[in-house]
Each structure stands twice: as C-alpha cells, then as structure tokens.
Amino acid sequence: MTRLVRPISCMALLVMVGASACVPQAPSVQGRAVNQLYGIFAVIASIIFVVTAALIALSMLRYRAKPSDDALPAQFEGNVKLELIWFAIPTVIVVVLFILTLQKLDVVTERAPDPESIIEVDAYQWGWSFTYRGEGVNISGGPHNDPELVVPIDRAVAFEISAEDVQHSFYLPRLLIKRDAIPGRTNRVDVEIDEPGRYIGKCAEFCGLLHAEMNFVVRAVPPLEYRAWLNERKQDDGNA
Amino acid sequence: MATLEHSVPRTAGGLLEWFTSVDHKKIGILYLSSALVFFVLSGILALVMRSELAQPGLQLVDRQTYAQLFTMHGTGMMFFFGTPMVIGLANYFVPLHIGAPDVAFPRLNAFAFWLTLAGAVMAFAGFLTATGAAAFGWTAYAPLSGDAYSPGTGADLWIIGVALSGVAGVLAAVNLLATIFGMRAPGMSMLRMSIFNWNIVVTSILIAFSFPALTVALALLWADRNLGSSFFEPAGGGDPVLYQHLFWFFGHPEVYILILPFFGIVTEIIPVFSRKPVFGYKGFVFATLLIGAYSFSVWAHHMFTTGAVDGPFFSATSMLIAVPTGIKFFNWIGTMWGGKIRFQTPMLFCAGFLFMFLMGGITGVFLASPPLDYFVHDTYYVVAHLHYVLFGGSVFAMFAGLYYWIPKMSGRMLSEGLGKLHFVLLLVGMNAAFFPMHQLGIDGMQRRIPDYPASFGYAQENLVSTAGAFLIALAVLVFFINLFVSLRRGPLAGDDPWGGYTLEWATTSPPPHHNFHRLPPIRSARPVFDERRENAQAGPEGGSP
C-alpha cells in the first residue's frame with residue numbers, strides 16, 4: 001500500500017493544478033472571491049477524486065479473478081467501524097466546504113453602502129436597457145447593436161436587475177457572476193472591477209429565439225474618465 | 001439441467017397479447033422497449049444539436065428548430081426514457097426478487113404503461129404540428145412557456161403529454177410499493193430484500209410525493225395558457241418563481257428517481273461478479289433512505305441565481321447529500337476488496353459507472369456552493385455535470401443491468417465481444433462528448449444556444465464534443481446489433497448464467513407465467529447463493545432438483 005502513496009499524491013497534484021488552472025483570474029473584488037473558493041474546492045475535489053478513483057482501480061486490479069482459481073473468496077459482510085469512518089470523513093469535508101462557502105457568499109452578495117452608480121438593468125426579448133439612476137443616462141440595444149455601458153474601476157457599482165417579459169439572466173463570464181432578471185422582481189448585484197477593459201456580457205437563461213445573440217459590453221475605465229463620459233452622455237441625451 | 005427445455009425462448013402468442021397482457025414481465029418489456037425507442041429518438045435530436053454546434057455559424061437548423069431539439073431531447077430523456085426505464089426494470093424484477101407471482105395490481109400496471117406511452121407520443125406529436133414541438137426547454141419556465149411567448153399546439157401537447165406520463169408514474173409507484181410491502185414470499189423480510197428492491201422502495205416514494213408537484217405546476221401552466229389565469233404572470237399578480245419552486249420540488253427528486261435504481265443495479269452486479277456478499281448491507285439501506293429524505297430539501301439549489309431563495313440552507317442540504325453518496329462509494333469498494341472479480345460485460349459497465357459517476361458527483365458539490373453556482377449556473381459546466389451523473393451514472397448502470405438481465409428476460413446470452421466493444425466506444429465517446437463541456441462552461445458558453453461567434457474561442461472543444469457524441473451513437477448501434485443478433489442466435493443462458501444471488505436466478509430464463517415453480521428457502525439476502533452452497537456441500541452433483 002505504502003508504495004502507492006507517492007504515485008497517487010503525484011496524480012492528485014496534477015489533477016489539482018489542472019482543475020484550478022482552467023478558471024481565469026477575475027479582475028474584480030467579487031470575482032476574486034469566487035476564484036479563491038473555486039481554487040479551494042478544486043484542491044479538495046482533486047484529492048477526493050484521485051484517492052477514490054485509485055482505490056476503485058486498485059481493488060479492481062488487485063482482486064481480479066485468476067483463470068484457474070475457482071475457490072470462493074472470504075465472505076465478509078461489512079465492518080461497522082470502517083463504515084463509520086467513511087461516514088465521518090465526508091461529513092467533515094462537507095462542513096469545511098460549507099463554512100468556506102458562507103464566507104465567500106458574504107463577499108459576492110455584499111451591498112456597497114454607497115455605490116458610485118446604481119445602474120437599473122432591464123432585460124427584454126431580445127436586448128438590454130441600462131439606466132444610470134439619478135443621472136438621466138440610458139443605454140440600450142439588442143442583437144447586432146450590442147449596448148456598451150461604462151463603469152468606473154476601483155469603485156463599487158450596483159446593478160438592479162429586472163426583466164420586462166420573460167426570465168433572462170445577467171451574466172458577466174469574465175467577472176464570474178450571474179443573476180437572474182425576473183419579471184416582477186428586482187435582484188441587486190454589486191461589482192467592483194479593478195482592471196480597465198471591455199468585458200462581454202450575455203443572457204444566461206433561455207429566453208426564446210434570439211437568446212444567444214443577447215450580448216452586451218461592460219467597459220471599465222478609471223473613475224475620472226467615467227465621470228467625463230457620464231457628463232458627455234448626459235449632455236448628448238439632454239440635447240437629443 | 002432438468003430445466004433446459006423451459007429455457008428455450010417462447011415466441012410471443014401473437015401481437016395482440018402484447019397489447020392486452022397484464023403480466024408484469026410483458027409490461028416490463030413493453031416499458032423497456034418504449035424507453036429504448038425514446039432513448040434513440042432523443043439521442044438523434046442530440047446528434048443534430050451536436051452537429052450544429054460543431055463549428056461557429058448556423059449550418060443545419062434554424063434557431064426555432066434548435067430550441068425544439070433541446071426541449072424534446074431533455075423531455076424525451078427524462079420523462080420518456082429515464083423514468084419508464086426505471087419503472088420497466090422494477091416491473092420485471094421486483095416481483096422476481098421478492099418471490100411474488102406478479103405485481104399487486106396487474107391491470108393498473110398495464111394502464112400506467114399505456115398512459116406513459118400515450119403521453120410520450122402526445123408530447124413528440126408536437127413535431128407534426130404547423131408550429132412545431134414545444135421550444136421552451138424541458139424545464140418549461142414560465143412566463144416563456146405561457147401563451148404570449150410560446151403560442152402553438154406543440155406547447156399544449158407537451159404539457160398534457162408530460163402530465164399524463166407523470167400521473168402514470170404515480171400509479172406505477174403505488175403499485176410497486178403495494179407489491180413490495182404486501183407480496184413478499186415467506187422468509188423474505190425487509191432486511192433480506194435485494195438492495196435493488198430497497199432502491200425501488202425509496203424511488204417509488206420519491207415518485208409518489210414529487211410527481212404531484214409537477215402535475216400541479218403543469219395544470220396551473222395549462223390554465224395560464226388556456227383559461228386566462230395568471231398564476232405565473234406578474235402582470236396579473238402571479239410569480240414566475242412559484243413555477244420554479246413547483247417544478248424543482250419535483251425536478252430534484254426526479255434526479256434521484258433516475259439514479260437510485262441504478263445504484264441498486266450496480267449494488268446487485270458488483271457482489272455477484274466479485275463473488276462476495278455486498279459490503280455493509282445496512283449501510284447501503286441507510287444511505288439510500290438518507291438520500292431519499294435529503295432529496296426533498298435541496299430543490300432550490302437549481303434556483304440560487306433567482307436571488308429569491310435561502311442560499312445557505314439549500315447549500316447545506318445539497319452538500320450533505322455527498323455524505324450518503326460517499327458511503328455508497330466506499331461500500332462498493334469494500335465489496336470488491338478481497339473478492340475474485342470477473343470482468344464480464346455487466347461488471348465492465350459497473351466499473352465505468354464508478355469512475356464516471358464519481359466525476360459527476362464531485363462537480364455537483366461545486367454547484368451546491370452558491371458563489372460557484374452564480375459563476376457556472378446555466379452554462380455548459382452544468383450540462384457536463386448532469387451528463388456525467390445521468391449518462392456516466394445512470395446510462396452506464398442501465399447497460400450493466402441490461403447485459404446482466406437480458407439473458408434472464410430472453411433466455412439467451414448477449415455477445416461478450418460486442419459487449420466489450422460497446423463498452424470501450426461508450427466510455428471514450430462519453431468522455432470526449434462531455435468532458436470538454438466543463439471548460440466551455442468555465443469560459444462562459446451558456447446552455448441552449450444554437451450558435452456562438454468564432455471570436456469566443458469555443459470551436460475546438462465543441463468539435464471534440466461533437467465527435468464524442470457520434471462515438472456514443474456508434475456504441476449504441478453496436479449494442480442494438482448485439483441485442484438483435486443475440487436474441488436470435490445467442491447461446492442459451494440457462495437458469496443462472498452468472499452465479500447470481502437473488503431469486504430471479506432460481507427460476508427459468510425466461511421465467512414461466514407465474515414466475516416460480518418452486519422457491520428456495522429464504523434465510524438471507526442471498527437465497528440462491530445459499531442453496532447453491534448447500535447443494536455443493538451435500539454432493540458433488542449440485543444442480544437444482
């Protein structure tokens with residue numbers, strides 16, 4: 001048994017690295033919390049997977065029947081002590097994962113007391129309407145005319161998400177967040193991005209014919225640039 | 001060998017007999033056949049989807065057709081393949097396992113089957129209407145499934161068809177419970193029943209208590225569409241989230257309805273092929289009961305992103321399910337440990353099941369954590385997870401069960417060579433098809449989209465996945481060739497080709513009309529094993545009297 005510890009732990013390490021590396025680092029406070037949680041889950045999951053799979057493989061290889069051997073193997077029916085141990089181990093693991101989940105859940109659902117902007121997101125078949133509350137700025141658009149909204153970096157921005165017709169889902173893949181847009185309800189998600197860039201947004205809940213085309217763009221810029229953009233938009237919208 | 005003349009398969013007494021029979025074995029075979037037909041149909045729908053997704057751009061079908069494809073793929077697999085497959089296997093083997101001549105209510109049994117088939121045909125008949133089949137996903141979320149956004153007969157046919165098969169499921173479950181509680185042979189105490197039967201007990205309870213929630217959801221949805229009510233329409237004071245609660249109160253137990261019986265099958269096959277008793281019989285029973293109980297308290301983990309449910313509560317209950325599932329894994333390992341394992345086809349599929357379901361079970365724990373679910377919900381990550389559970393888990397175990405039990409049902413063995421080919425193709429195909437989907441989901445590919453821009457970088461994984469889907473199709477084709485060839489020309493199975501433990505191996509293959517000419521004494525969970533050992537000790541001849 002002991003000579004198997006090394007290959008199994010090497011394997012676990014390999015799976016672990018693979019499982020964690022496939023998730024891109026999110027450029028936001030909330031996204032990083034998800035990254036960290038996913039990383040811990042991936043490490044524990046890799047160990048469980050490799051150890052369990054190794055035990056399954058080992059029992060199959062070691063105890064396969066030899067062609068000539070027709071005698072009955074020992075007929076043991078269980079071992080309560082062992083069963084209690086493998087009842088206890090997963091319970092402990094699950095409790096740990098649950099506590100970690102609670103901690104990160106607070107981070108990703110926390111509402112900033114004073115967000116830089118509150119953006120009302122209204123999803124419809126098939127497009128998005130973004131209204132900057134108190135600023136008189138609205139950006140909307142649909143397929144082939146993806147709306148592009150601008151948000152500041154290093155500041156919390158609140159999205160208040162609802163829908164006009166059927167259910168949609170506000171999804172920013174690179175920021176690792178998603179919240180449903182449900183007619184008659186409002187969901188709030190706060191995001192604090194810390195790297196300037198253009199982040200693609202999508203609709204994640206199937207909403208009919210053009211569901212796949214319901215994209216939008218979030219452009220994150222430094223706060224000063226954001227203010228300038230907002231003022232410019234205000235004037236544009238006022239003149240229109 | 002005195003029973004050899006009985007083991008020659010008899011031809012059916014005319015086609016009419018299949019329509020009128022109330023024999024649980026015939027009805028079981030009807031269930032299995034109809035389930036396999038819908039497995040193939042729904043699989044073909046998946047192949048068209050995978051072909052469309054192989055590269056960016058819309059090549060094969062338009063968006064509306066694609067929506068019909070994924071709706072009917074999910075509907076067909078869940079309602080008209082999965083559940084009937086479970087009920088079919090239970091129909092055939094529950095009475096045999098408990099030493100009963102038939103189920104408790106044979107006519108109700110026949111009625112439930114024909115109702116299921118009627119529902120299935122009705123839902124699929126949507127394809128023949130002018131506006132096509134239902135196109136709102138197998139979950140039919142309101143208000144998208146309402147009359148304003150999904151007009152057309154196909155949607156109403158879907159609602160009625162699924163509701164009928166749901167009612168039929170309840171009838172079948174009640175029948176199975178009555179059979180198991182009321183018709184066990186003398187000596188067959190509850191704790192001597194096969195683990196398969198225990199899983200059917202829990203599955204039937206889940207069906208009996210969860211399907212009514214589906215019936216309610218569908219009835220209200222139908223009223224919204226046709227009577228102008230607004231249970232799920234916010235404009236009229238209704239709530240779309242209410243639909244999701246009703247649907248998932250059914251929908252999550254449904255997942256266990258589709259996996260527990262297959263746990264049962266695996267737990268029958270592994271001991272027989274390891275030539276040992278099951279390790280921790282009571283642990284298995286306990287874990288099964290616990291999974292059944294938990295399964296009613298986890299439904300809202302499908303709804304974390306609605307923001308309308310208590311995340312921590314449903315996260316805790318969902319993660320806890322990993323504990324009884326873990327017990328089962330270690331008990332399966334304990335069963336193989338110290339055995340002398342024969343890797344014939346049924347055991348090979350069990351091996352495949354263990355690895356694939358392990359993968360699906362572990363990604364399930366990720367999805368039970370709300371912060372991670374906010375990230376991957378409604379992406380291909382979930383599609384990957386559910387296919388590792390329901391394809392890698394249930395379908396692998398189903399094939400294990402079919403290779404194990406078809407000799408009992410038909411009297412003829414399936415080919416080992418073709419069986420092994422089937423297994424290898426299916427294992428490679430399944431991993432090629434579904435493993436890359438994890439990465440697609442992490443990279444942000446949503447479910448239920450017919451197309452994606454080339455710039456998103458999804459093309460490579462999608463191409464591999466499509467190739468895997470066609471390998472799966474090839475594997476299934478090999479299975480059907482094996483089935484048709486072996487049913488005609490396979491070697492005779494005899495009463496007990498595997499050295500089985502449970503009572504179905506104490507009668508002929510196929511069993512006579514009332515199942516048993518005589519029963520062995522039942523003093524443990526392995527009556528056939530006990531009798532075989534006593535005969536071997538009594539004299540070198542062995543064999544049945």
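The questions below concern a predicted model.

Reader: Which residues is B:Phe353 in contact with, leaving aside its neighbours within four places in sequence?

Author: Contact here is taken as C-beta atoms within 7 Å. With the sequence neighbours within four places set aside, the partners of B:Phe353 are B:Val266, B:Gly393, B:Phe396, B:Ala397 and B:Ala400.

Reader: How many charged residues are on the side of domain 1 of chain A that touches domain 2 of chain A?

Author: The C-alpha centres of the two domains of chain A lie 35 Å apart. Nine residues of domain 1 of chain A are in contact with 10 residues of domain 2 of chain A. By class, that side of domain 1 has five nonpolar and four polar residues, and the number of charged residues is none.

Reader: Which element gives the most to the side of chain B that touches chain A?

Author: The contact takes 68 residues from chain B and 65 residues from chain A. Elements of chain B that give two or more residues include α3 (63-98), α12 (345-367) and α15 (416-442). The residues on the chain B side divide into 40 nonpolar, 18 polar and 10 charged. With eight residues, the element that gives the most to this side is α11(B).

Terms used. Residues are numbered from 1 along each chain as its sequence is written. Chains are lettered from A and ligands numbered from 1 in the order in which they are written. This is a predicted model: local features need pLDDT of at least 70, side-chain atom pairs count only at pLDDT 80 or more; totals for chains, interfaces and linings use all residues. Two residues are in contact if their C-beta atoms, placed from the backbone, lie within 7 Å. Domain bounds come from an automatic or database domain assignment. Ala, Val, Leu, Ile, Met, Phe, Trp, Tyr, Cys and Pro count as nonpolar, Asp, Glu, Lys and Arg as charged, and the others, Gly among them, as polar. Helices (H or I, at least four residues) and strands (E, at least two) are DSSP runs, numbered from the N terminus.
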